[in-house]
Amino acid sequence: MKKDKFIISKKNFSSRLIVGTGKYKSMHECAKAIKLSGAEIVTVAVRRVNITDKKKPLLMDYIDPKKITYLPNTAGCFNSKEALRTLRLAREIGGWKLVKLEVLGDKKNLFPEMIETLKSTEILTKEGFKVMVYCNDDPLMAKRLENSGACAIMPLAAPIGSGLGIINEINIKIIRKQTKLPLIIDAGLGQASDAAIAMELGCDGVLVNTAIAKAKKPFQMALAFKNAVIAGRQSYLSGRIKKTLYGNPSSPKSGII
Amino acid sequence: MKKKIKIKLNGKLKTINNKSTLFNIVQKNKIPLAKVAIELNQEIVDKKKIKNINLKNNDKIEIVHFIGGG
């Protein structure tokens with residue numbers, strides 16, 4: 001089989017599964033789930049250092065940023081100003097230029113605020129960031145993000161943490177057809193088969209957090225997602241058969257006794 | 001008696017000595033410098049220069065790092 005490359009901002013990755021590091025019971029559980037998932041990129045949040053409790057475990061002590069690509073994320077930002085501030089700080093921590101932009105518009109449905117997202121993408125790109133952009137599944141907006149310099153388009157499958165799976169397959173297919181940028185489904189997946197569907201639609205990768213972290217058995221689910229992403233990708237590349245309304249026997253019709 | 005000033009460190013009010021530098025604050029709070037970013041009054045600070053930054057009354061310092069997130 002020809003080498004199937006997953007390239008983001010000129011960097012080559014072998015795993016098409018990106019995982020979030022939030023919502024785990026412990027850092028230990030998080031690190032083990034990441035290992036089992038095979039993910040080479042993990043999203044991380046920027047927050048205040050705990051000044052009062054200095055013994056609190058640090059993410060970097062459990063997940064080595066030299067081995068796993070940290071993808072700083074602006075989760076929790078509700079406007080461009082907050083998002084820019086967060087990512088500039090992230091870059092300052094240790095030179096992170098590849099980032100995930102996520103500007104939310106509503107606390108209940110957590111849908112992206114696309115006007116602020118677009119504005120932030122333009123500014124960050126000008127500042128030299130490589131911006132992977134969380135967005136809604138609107139092909140027109142995806143195009144505008146692409147024109148603004150995004151290095152990856154990351155439409156939601158469904159609201160963050162909802163576990164509903166891909167709600168609008170048609171839009172994802174349209175976005176796939178119109179862009180050569182990496183297309184990564186971000187948010188809303190609930191089970192491994194959702195990831196396989198995303199890959200079969202032609203997405204380049206998926207980003208999963210809650211579905212693994214909050215599964216009854218996170219380690220098993222991490223493994224399930226790993227396998228589903230591989231299976232979905234292989235299925236997509238294999239060229240599926242056409243759907244037909246009626247049956248078509250699998251055994252030869254001749255020589256029947 | 002040494003003159004004291006009030007600053008805010010990650011949202012918490014602190015009373016410190018007048019001639020404290022940003023480096024003193026980092027040291028006192030055992031901050032792992034390589035794993036954080038620092039803002040002084042909403043401006044990002046070059047971590048290499050914190051020894052030369054003297055703090056003033058009402059300064060707001062934010063020290064952030066990476067934590068688990070989606």
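1. Let's start where the two chains meet. In this predicted model, 28 residues of chain A are in contact with 20 residues of chain B (contact: C-beta atoms, placed from the backbone, within 7 Å of each other). The elements of chain A that each give two or more residues to this side are β4 (41-48), α2 (59-62), β5 (69-73) and α3 (80-94). Helices here are DSSP runs of H or I with at least four residues, strands are E runs with at least two, and both are numbered from the N terminus. β4(A) gives the largest share, six residues.

2. What is that side of chain A made of, by class? It has 16 nonpolar, seven polar and five charged residues. For the classes, Ala, Val, Leu, Ile, Met, Phe, Trp, Tyr, Cys and Pro are nonpolar, Asp, Glu, Lys and Arg are charged, and the others, Gly among them, are polar.

3. Now look at β4(A) again. It pairs with strand β5 (residues 60-68) of chain B in the antiparallel sense, over five bridges (strands pair if DSSP finds at least two bridges between them). To find your way there, look for A:V44, which stands opposite B:G68 in β5(B).

4. Chain B itself has one helix and five strands, in the order β-β-α-β-β-β along the sequence. Its radius of gyration is 12 Å, close to the 11 Å that the globule rule gives for 70 residues, so chain B is as compact as a globular protein of that length. The radius is taken over C-alpha atoms, and the rule is 2.2 Å times the number of residues to the power 0.38.

5. Back in chain A, check helices α7 (residues 192-200) and α9 (residues 218-238): they pack at about 25°, with axes 7 Å apart. That makes α7(A) roughly parallel to α9(A), a label for angles under 35 degrees. Axes are lines fitted to C-alpha atoms over the stretch in contact, and angles run from 0 to 180 degrees between N-to-C directions. The residues of this contact divide into twelve nonpolar, three polar and two charged.

6. Another pair to check is α5 (residues 139-147) and α6 (residues 169-178) of chain A, which pack at about 30° with axes 9 Å apart. Here A:P139, A:A142 and A:K143 of α5(A) meet A:N171, A:I174, A:I175 and A:Q178 of α6(A).

7. Some housekeeping: residues are numbered from 1 along each chain as its sequence is written, and chains are lettered from A and ligands numbered from 1 in the order in which they are written. As the model is predicted, local features need pLDDT of at least 70 and side-chain atom pairs count only at pLDDT 80 or more, while totals for chains, interfaces and linings use all residues.

Definitions and conventions: Two residues are in contact if their C-beta atoms, placed from the backbone, lie within 7 Å. Angles under 35 degrees count as roughly parallel, over 145 as roughly antiparallel, 65 to 115 as roughly perpendicular and the rest as oblique.
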